[in-house]
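Let's take a walk through this protein together.

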Amino acid sequence: MKKLSILIMLGGIAFAGCNKQLDDQPQSSTSQATYWASATDATNAVNSCYTRLGDVDNRIFISCATDDSYSWSDWPSDVRQVGNGSGTVSTGTYNNFWSNLYRMIATCNDVTDNIDRVKMDDDLKARLKGEARFLRAFAYQQLIGLYGDVVFRDHTPAVAEFAIPRTPRATVAKWIVDELDAIAPALPISYGSSDRGRITRGAALALKARTLLYEGNYADAATAAKAVMDLGYYKIDGNYVSLFNGNNKESLELILTAGYVKTTKPNSLATWVGGPSMGGWSQVVPLQSLVDAYECTDGKTIDQSTVYDAAHPFNNRDPRLKMVVITPGDVLNGVTIDVTNKSGLDALSKNNASFTGYYYRKYLPTDIDGNWDSNSYNDMVLMRYPEVLLIYAEAKIELNQIDQSVYDAINQVRQRPGVGMPAVTAATAATQDAMREVVRRERHVEFPMEDIRLFDIRRWKIADKVMNGVAYGILNNYDASRADYGKHVVIETRSFATRDYLWPVPQSEISANSAVLPNNTGW
């Protein structure tokens, strides 16, 4: 078994004889009394915990709440309001993530509450409990990163427990780490083909490392990341694009993904990410700020490099730029995508065309027919081995323990086959500040649309710098009929206030549970 992804199809198995609810209401006594009878029941119940992990119609849009991406529509996600600072406690994005993650938690709580009633093999039971506990911990890690203090429940609540106040973020974070420590030994490093897609020990250790890094516990984060590295199982893949287009689902770089299957369990990635030539609606598109983040081939930023040519801005750049972003004239799935062709489908102002003039290559499946929600089955990537390496590097940098292992971790990522960017060395980045800048840029250009940038700009306290002001698209140096000829396309003016460092508890939750108040500061 090579793939460590979470196959959404596993969660599609219905509970026989059980009216399974995915909210935080307990099941009826009748269904609870009759359901938990066999190892098959337990396995199917755990399978159900995986169903909300992908959440494509919300998760793929989260990049638009950062300086990487833009979404022009408020359907199916109104994340545009989050990105430009106009969101309120009633904005759907805040509610959608809160609701989905708590429904995942409720399903996992149902498992941990009841699985011990089943007479079954002890090792299998421990593993299944570990899977459910991991998915619950993953949901809580997302919640505290987005909302701060959250409502905490590690069991199905009684009626008297429905209205409870929020638990401090630090308390929940410690619980997450303790959970992952407890379950990791019971989880295998890999599986046989019959159990393809289940949670592994590496996933538990990697989530622990992420949680510790995000909470500023750098010493323990470095140790946890090193534990993943020392498994000796994961490897940097030589084909970056294939990790996202559906052609390389078995890669040993992938630690945690939400998986999809053609026809059986498709998703709408091609619709949201693809442009008109791909049958898509261009609802998640790159901004100029992401394009500008990529270094030149000499390892220097565009404002410092001697090989950067403003007249040909996509030449001599980090190869990952064109692996992530479709630039004018690039070919995707045999089709030339060229915003400068004013008569083409993908040009500015065309129906469903990108507002920014850029399109994502990342996450565009190689096998699509443009039909709505019918033929995308590439997986949502939630954790990859490069994140572990960069967690290790960042944690060591913040501790000012910069040794060769830190350079090696960063260079594994930036020198993957097919990328081959110049190595970072003590000569090119001699100080802690210089290394901090290196690792932060590396995280920026390595992980677009992988949920990471939103958390990074907020924990680094730079969101007020990168999210305020005008968001730009491509330089219009080809269409003189437009008023912005000779200038970068203006997309929108954004604002980011102190309040935006945490999302608000959504109005729907406040209406159901007033004990969650006061809301986060500024909301």
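What follows goes from the backbone to salt bridges, a cavity and a surface patch.

First, some ground rules. This is a predicted model, so local features need pLDDT of at least 70 and side-chain atom pairs count only at pLDDT 80 or more, while totals for chains, interfaces and linings use all residues. Residues are numbered from 1 along each chain as its sequence is written, and side-chain values use heavy atoms, with hydrogens and water left out.

Let's start with the backbone. Most residues other than glycine have a negative phi, and most peptide bonds are trans. Now look at the bond from W75 to P76: it is cis, with omega near 5 degrees. P76 sits in the loop between strand 2 (69–70) and helix 4 (79–84). Helices here are DSSP runs of H or I with at least four residues, strands are runs of E with at least two, and both are numbered from the N terminus. Another cis bond runs from L517 to P518, again with omega near 5 degrees. You'll find P518 in the segment after helix 18 (507–512).

N352, which isn't a glycine, has a positive phi near 65 degrees. Look for N352 in the loop between strand 7 (335–337) and strand 8 (359–360). N352 counts as partly exposed because its relative accessibility is 26%, and that label covers the range between buried (under 20% relative accessible area) and exposed (over 50%), using a 1.4 Å probe and protein chains only. K461 also has a positive phi, near 60 degrees, and lies in the loop between helix 16 (452–459) and helix 17 (463–466).

On to the charged side chains. Side chains of opposite charge can pair when their charged atoms come close. The cut-off for a salt bridge is a side-chain nitrogen of Lys or Arg within 4 Å of a carboxyl oxygen of Asp or Glu. By this rule the count is 39.

How far apart in the chain are E442 and R414? These two form a salt bridge with their closest N and O atoms 3.0 Å apart, and the pair links distant parts of the chain, 28 residues apart: E442 is in helix 15 (residues 432–446) and R414 is in helix 14 (residues 404–414). Both E442 and R414 are buried. Stay on helix 15 for a local pair: R436 and D433 both lie in this helix, three residues apart, or about one turn. Their side chains meet in a salt bridge at 2.8 Å, N to O. R436 is buried, with a relative accessible area of 19%, whereas D433 counts as exposed at 53%.

Now for empty space. Rolling a probe the size of a water molecule over the atoms shows where empty space is left. The structure holds eight cavities of 30 Å³ or more. A cavity here is a set of points, on a 1 Å grid over the protein atoms alone, where a 1.4 Å probe fits but cannot get out, and its lining residues have an atom within 4 Å of a point. Grid points are joined across faces, edges and corners, and a volume is the space filled by probe spheres set on the points. Zoom in on the second largest cavity, with a volume of about 90 Å³. What classes of residue line the second largest cavity? Its lining has nine nonpolar, no polar and two charged residues. Ala, Val, Leu, Ile, Met, Phe, Trp, Tyr, Cys and Pro count as nonpolar, Asp, Glu, Lys and Arg as charged, and the others, Gly among them, as polar. Among the lining residues are Y94, R458, D500 and W523. Helix 16 gives the most to this lining, with three residues.

Finally, come out to the surface. V470, Y472 and V490 form a nonpolar patch with about 260 Å² of accessible area together. Patches are made of residues with over 30% relative accessible area and no salt bridge, with like charges joined within 9 Å and nonpolar side chains (Val, Leu, Ile, Met, Phe, Trp, Tyr) within 5 Å. The areas come from the Shrake-Rupley method with a 1.4 Å probe, and for residues, only the protein chains shown count as cover. V490 is in strand 11 (residues 488–494) and counts as exposed at 52% relative accessibility. V470 is in strand 10 (residues 469–475) and is partly exposed, at 37%.

Technical notes. On a 1 Å grid over the protein atoms alone, a cavity is a set of points where a 1.4 Å probe fits but cannot get out, and a pocket is an open set with protein on both sides within 12 Å along at least five of seven lines; lining residues have an atom within 4 Å of a point.
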